[in-house]
There are 2 protein chains.
Amino acid sequence: MTASIRLTLDQAYHLAQRALRSNGFSAEHADAVAQNVTAGERDGCASHGLYRILGCVHSLRMGKVSADAEPELIDSAPAIMRVNAHGAFSLVAYRRALPAFVDKVKHNGIAALAINHCVHFSALWADIEPLTEQGLVALACTPSHAWVTPAGGNQPLFGTNPIAFGWPRPARPPFVFDMATSAAARGEIELHRRAGKPLPPGWGIDKDGTPQPMPPACWPAPC
Amino acid sequence: MTASIRLTLDQAYHLAQRALRSNGFSAEHADAVAQNVTAGERDGCASHGLYRILGCVHSLRMGKVSADAEPELIDSAPAIMRVNAHGAFSLVAYRRALPAFVDKVKHNGIAALAINHCVHFSALWADIEPLTEQGLVALACTPSHAWVTPAGGNQPLFGTNPIAFGWPRPARPPFVFDMATSAAARGEIELHRRAGKPLPPGWGIDKDGTPQPMPPACWPAPC
């Protein structure tokens, strides 16, 4: 049985935040993740929306993410900044690093920020927007696990390895671009799986390279 | 009639250098271009090899490139450097900028170099190698003219927009990657045209979107 309900964005935020808090996430981590998935719903990108909360809680229960780690900012060079997220989702680490990172960019003309020891949790465009809103050009990427076969192959070798970039424009919203470098983003596959909809051709193959219209039962959902 | 001759790399360099010099290129520009196309032949990438000299001379005769412009180095910010190539090929501008640019990278951790007002002349991997050889990670890209239709389209909209990157590795040669973001690089199409070989499916279409096995007679060769 499937029932539909409609939520305002404010209600969606509070639902996500309460679910995360009551499962043990600290106030700051719960707030950052809840804001992020609410923005996914707001922007019409359900693959980075509310359903991800289920994966967040699952990841916590499996011991794969910290519920309350304090990020550690490391000033590595005049134009390089690192954050050790100490095993938590990336959002709080990024939020804490942002002011000093923006200072580095504005002073030097370009700077790089690396968030290490994190579980990356964001659509990359959401990592780009805080920079374009400050009048900066931004480029973001993240590695992922080996889920993707090269064209014609049958062994996973590549990540979905998304890339995003953006820049401000005079008198118009910033231009922001975000793509997976695979046939499909994992979140889009997960939405098909949850809806029981067959995958478009080319999205999935089995170990013999034969196209598969459905993700397998053991398909691990994105966190 | 087609005749084949074999040249050593040294002979190839001197042939290219003499052709460029006798057509009016300055000694420094002729040297840089001749070194570059010789490296293309050496590395087995004929699409950036000797035949490009014909295009270089054609571009000069058409007034599309300067034979002797002096590049102008502009120190824009602690981690940003620009070069105004004043209409010449990019190679001399890059060569002149490299030492100060490498200093910026090593001091700041990251830096960006932009070569403006140039006719980009290089395979991007050849722009990457001088940086990986100094122990640095490098990323290079260049725009190109609107030669490429989006998938399913019939109007040129994108450039071939190549992207290259590389990094040094301990006890092994640097890893260097170079790709066009189009179905094929223009140089590869030109090599097919010159050899009278039909293009693989997907490389070329006409104005109705119909696949074309041969470039049209008016196909402009890369410089």
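## Helices α4 and α5 of chain B

The crossing of α4(B) and α5(B) is right-handed. This is a predicted model. Helix α4 of chain B covers residues 90–108, and helix α5 of chain B covers residues 124–132. The two pack at an angle of about 35°. Their axes lie 11 Å apart.

Which residues of α4(B) and α5(B) meet? From α4(B) come Y94(B), L98(B), F101(B) and V102(B). From α5(B) come D127(B), P130(B) and L131(B). By class, this contact has 6 nonpolar residues, no polar ones and 1 charged residue.

## Helix α3 of chain B

Helix α3 of chain B runs over residues 52–61. Is α3(B) mostly covered or mostly uncovered? Mostly covered: 7 of its 10 residues are buried. They are R52(B), I53(B), G55(B), C56(B), V57(B), S59(B) and L60(B).

The cover over these buried residues includes three helices of chain B: α1 (9–22), α2 (27–42) and α6 (186–195). Just past the end of α3(B) comes G63(B). Its phi is positive, at about 75°.

## G204 of chain B

G204(B) sits in the segment that follows α6 of chain B. Its relative accessible area is 16%. Buried means under 20%, so G204(B) counts as buried.

What does G204(B) touch, leaving aside residues up to four places away in sequence? Its contacts are L199(B), T210(B), P211(B) and Q212(B). I53(B), one of the buried residues of α3(B), is 151 residues from G204(B) in sequence. In space, their C-alpha atoms are 25 Å apart.

## Helix α1 of chain A

Now to chain A. Helix α1(A) holds 14 residues, 9–22. At 1.5 Å a residue it should span 20 Å. Its end C-alpha atoms are 20 Å apart, so the two values agree.

Five residues of α1(A) to note as buried are A12(A), Y13(A), A16(A), Q17(A) and L20(A). Why do they fall on the same side of α1(A)? They cover an arc of only 125° around the axis, and therefore share that side. On the other side, D10(A), R18(A) and S22(A) are exposed. The buried residues pack against α2 (27–42) and α3 (52–61) of chain A. Just after the helix, G24(A) takes a positive phi of about 115°.

## Where α1 meets α2 in chain A

α1(A) and α2(A) pack at an angle of about 145°. Their axes are 8 Å apart. The crossing is right-handed.

On the α1(A) side, the contact is made by L9(A), A12(A), Y13(A), A16(A), Q17(A), L20(A) and R21(A). They meet residues of α2(A), among them A27(A), A30(A), V33(A), A34(A), V37(A) and T38(A). D31(A), Q35(A), E41(A) and R42(A) of α2(A) also take part. By class, the residues of this contact divide into 10 nonpolar, 3 polar and 4 charged.

## H29 of chain A

H29(A) belongs to helix α2 of chain A. Is H29(A) buried or exposed? With a relative accessible area of 4%, H29(A) is buried.

Residues up to four places away in sequence aside, H29(A) touches A67(A), D68(A), A69(A), A88(A), F89(A) and V92(A). H29(A) and V119(A) are 90 residues apart in sequence. From C-alpha to C-alpha, they are 12 Å apart in space.

H117(A) is not a glycine, yet its phi is positive, at about 50°. Where does H117(A) lie? It is in the loop between β3 (112–116) and α5 (124–132) of chain A. Exposed means over 50% relative accessible area. At 57%, H117(A) therefore counts as exposed.

N161(A) is not a glycine either, and has a positive phi of about 35°. This residue lies in the loop between β4 (138–141) and β5 (163–169) of chain A. N161(A) is partly exposed, with a relative accessible area of 28%.

## P216 of chain A

P216(A) lies in the segment after α6 (186–195) of chain A. Its relative accessible area is 48%, and P216(A) is partly exposed. P216(A) and A30(A) are 186 residues apart along the chain. Their C-alpha atoms are separated by 31 Å. A30(A) is one of the α2(A) residues that meet α1(A).

Conventions
Residues numbered from 1 in each chain as written. Chains lettered and ligands numbered in written order. Predicted model: local features only at pLDDT ≥ 70, side-chain atom pairs only at ≥ 80, totals over all residues. Heavy atoms only, no water. Helix = DSSP H or I, 4+ residues; strand = E, 2+ residues; numbered from the N terminus. Expected span 1.5 Å × (residues − 1). Buried < 20%, exposed > 50% of the residue type's maximum accessible area, 1.4 Å probe, protein only. Arc of directions from axis to C-beta. Contact = heavy atoms within 4.5 Å. Axes fitted to C-alpha atoms, helices over the stretch in contact; angles between N-to-C directions. Left-handed = near helix turned anticlockwise from the far one by under 90°. Nonpolar A, V, L, I, M, F, W, Y, C, P; charged D, E, K, R; others polar.
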